[in-house]
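New page in my notebook.

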Amino acid sequence: MCGIVGYVGSRQAAGLAIEALRRMEYRGYDSAGIAVNTGDSLTMVKRAGKLANLEERIAQVGAPEGKAGIGHTRWATHGRPTDENAHPHLSFDESVAVVHNGIIENFAPLRQQMEREGVEFASDTDTEVAAHLLARYYNEGETAGDFRESALRVLNRLEGAFTILFMHANHPDQIIAARRSTPLIIGVGEGEMFLGSDVAAFIEFTKDAVELGQDNVVVITADDYEVLNFDGTPSQGRPFTIDWDLEAAEKGGFDSFMMKEIYEQPAAVRDTLAGHWSEGRVVLDENNISEEELKSFNQVFVVACGSAYHSGLLAKYAIEHWVRIPVQIEVASEFRYRDPVLDERTLVLAISQSGETADTLEAVRHAKTQGAKVLAVCNTNGSQIPRESDAVLYTHAGPEIGVASTKAFLAQVAANYIVGLALAQAKGTKYPDEIKEIWDTLDLIPGKIEQVLAARDTVTEISDELGAVATMLFLGRGVGFPVALEGALKLKELAYIHAEGFPAGELKHGPIALIEDDLPVVVVVPSPRGLKVLHSKIVSNIQEIRARGAKTIVIAEEGDEAVEPYANWLIRIPQTSTIMQPLLATIPLQFLAADIAVNVGNEDIDKPRNLAKSVTVE
Ligand code: F6R
């Protein structure tokens, strides 16, 4: 998730773009850049790091002067956060500048083809290929000299999800932009036109906006905008008036970043999966672990902290089930003090949103000294953990501002499953058609997450009836257990109330003593279509706690009627395979924790007390 701005009008575009980027820094902050059309050429300034670095550079070289410009604040996906990888990207002849949010899935073959034709690339990004392609189409052939036709040709060659803005040196009065699966909004001013990945880009200047639809292209000039389809036929956007202030705009109209991020989960999972299924095979990225090595691993160690650890528990279930090798999981802070038995046939999976967590980093270092190979699952490109690992699989959740992890957690689960499938593929423990079937089930999850989000009111009704609870238990079996742990952690973090997650079967070994009248207990019920014994056992557990006065909040899949008599409240989630259920069942628990936090008087769920987003001390 990156922040994008475009401007054509009567003001100096450079200053305006910088201000817009400042308002969108929450969308990404590992590099920033602008390009301005100075009349007959493009001037670009860009820098890795925070926006302040870019401003410092502009102060040194002077702001480029011109009335059309584009800007970008980056959350790295392909390529580390370096000056070269910062956007904009220029074409080989410096006639085209491009900024992009999203992932161009087919950039590798396009890049290879252009490199064979002699084009030199200046960055590792997926974006740069679009700049070179556009220059090619503009410079030669049927589309020569035609900015619009050239841009359409490029767009039709790109696969994946993207918001992309093109500027051409010969067309100082125009910007051409397009969107597929990621947002793009036009801001309509008086004699000036804006583009933004969200309204925060231009809210200061105009409240008149137009939302573009899927696969729309827009050509803006200072006085007008024209919306097209990818085939060049006319289309229309949806005009609306912005009634948010800046703060609300940054939060997408939600009360908190965390709530916004909960709603970004379909995209977080979709983007994390993007590009990892190609020609009937699972593919990993930035992978310096060979297929032979993948084949040779005879054990996996997962190291992570907090929510990332809970996602790791799910990796254990998935990998053991699909790959049939033992998976051990360790809270990262304990790992190296226990002298775990590792060797070169051990794969260590290090999971971290920030990529900077000191406990996980030290675990990675320890694993490497023991000869193990480390594969990082990380949301932050260029951070320390992936840098020190042998391979990395990036989650594409975008920046997570809320301290309590939501979308990054779900993206981690999806990424862990990709690793599991890649191992199963390499070791041949699943047939290709079985892998395809699992992948297809995973691929349907973003749509199902949307259905869970749409049922948000059910959770609000429950939390309203619960009021200000003092303590709460969470129970699950199988993959429902890590979900229970995650639900309890969210509640502790946000509402500061005592909450515990247990395997439901463990209850009778002690925790059942905690059950008393009216104690709210969340039970995550596995699918009755899966392992029958698991389902019937948890139904018995619900009866046991109900008999002792507990009030049950039951999360069960649609069509599971057996649980109805035992649920004080029932939250339905769509049907999916057992292993995928956590990607759905976690979401109501995020809502529940946020609601209860507000009920107990903790309004600022983005910044729970005593917590930090990135924990860089051991
Ligand atoms: C919980 C939460 C933390 C983090 C943990 C690891 O909501 O956010 O438990 O999951 O501190 O952080 P990363 O993933 O950055 O290593």
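This is a predicted model: local features need pLDDT of at least 70, side-chain atom pairs count only at pLDDT 80 or more; totals for chains, interfaces and linings use all residues.

**Around the ligand**

I sorted the shell around the ligand by class and got five nonpolar, eight polar and two charged residues (Ala, Val, Leu, Ile, Met, Phe, Trp, Tyr, Cys and Pro count as nonpolar, Asp, Glu, Lys and Arg as charged, the others, Gly among them, as polar). Residues are numbered from 1 along each chain as its sequence is written, and side-chain values use heavy atoms, with hydrogens and water left out.

I looked up who surrounds the ligand: 15 residues, each with a heavy atom within 4 Å of it. The closest are S352, Q353, S354, T357 and E493.

Next I checked polar contacts (pairs of N or O atoms within 3.5 Å). E493 puts a polar side-chain atom 2.8 Å from a ligand oxygen. S307 uses a backbone N or O atom, 3.1 Å from an oxygen of the ligand. For V403, I found a polar backbone atom 3.3 Å from a ligand oxygen.

**Domains**

Which domains each give at least three residues to the shell? I found domain 2 (253-443) and domain 3 (450-602), with bounds from an automatic or database domain assignment.

I then looked at how these two meet. Their C-alpha centres lie 26 Å apart. I see 26 residues of domain 2 in contact with 24 of domain 3, contact being heavy atoms within 4.5 Å.

Definitions and conventions
A polar contact is a pair of N or O atoms within 3.5 Å; within protein, one must be able to donate a hydrogen and the other to accept it, and residues adjacent in sequence count only if both atoms are side-chain atoms.
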